[in-house]
Amino acid sequence: MLIIEVFEALLLGFSVGLTGALVPGPMLFATIEISLKKGWLAGPQVVFGHILVEAVLYVLILLGAASFVDSGIISIIFL
């Protein structure tokens with residue numbers, strides 16, 4: 001029973017992520033623009049940079065960075 005629930009959650013997460021990734025947005029157009037200006041090797045570099053940013057945000061969320069919002073630390077960082 002637990003395995004089925006985990007599988008359903010993973011399938012739902014994958015589906016939601018895929019629909020977000022397939023929608024044309026700013027990253028698609030930024031990648032196309034940079035690739036046209038600097039060549040095709042710039043495209044994967046833009047995508048890799050975006051992956052790094054997303055990975056850092058993911059790790060921060062996992063570590064509980066949201067708990068710092070009310071503590072005043074976030075307001076000090078963004079001054």
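## An exposed leucine

Leu36 counts as exposed because its relative accessibility is 71% (exposed is over 50%, buried under 20%, partly exposed in between, with a 1.4 Å probe and protein chains only). Leu36 sits in helix H2. This is a predicted model: local features need pLDDT of at least 70, side-chain atom pairs count only at pLDDT 80 or more, and totals for chains, interfaces and linings use all residues. Residues are numbered from 1 along each chain as its sequence is written, and side-chain values use heavy atoms, without hydrogens and water.

Leu36 also belongs to a nonpolar surface patch with Leu28, Phe29 and Ile32. Together they have about 430 Å² of accessible area. Patch members have over 30% relative accessible area and no salt bridge, and nonpolar side chains are joined within 5 Å. A salt bridge is a Lys or Arg side-chain nitrogen within 4 Å of an Asp or Glu carboxyl oxygen.

## Chain overview

The chain has four helices and zero strands (DSSP runs: H or I of at least four residues, E of at least two). Buried residues are 5% of its 79 residues. The accessible surface is about 7000 Å², and carbon and sulfur atoms hold 79% of that (Shrake-Rupley, 1.4 Å probe).

## Largest pocket

The largest pocket holds about 250 Å³ of space. A pocket is an open set of points on a 1 Å grid, with protein on both sides within 12 Å along at least five of seven lines; lining residues have an atom within 4 Å of a point. Volume is the space filled by probe spheres set on the points.

Helices H1 (2-22), H2 (26-38) and H3 (42-62) each give two or more residues to the lining. H2 gives the most, with four. Leu28 is one of the lining residues.

Methods: 1 Å grid on protein atoms, 1.4 Å probe; cavity = no way out; pocket = protein on both sides within 12 Å on 5 of 7 lines; lining within 4 Å. Patch = residues over 30% accessible without salt bridge, like charges linked within 9 Å, V, L, I, M, F, W, Y side chains within 5 Å.
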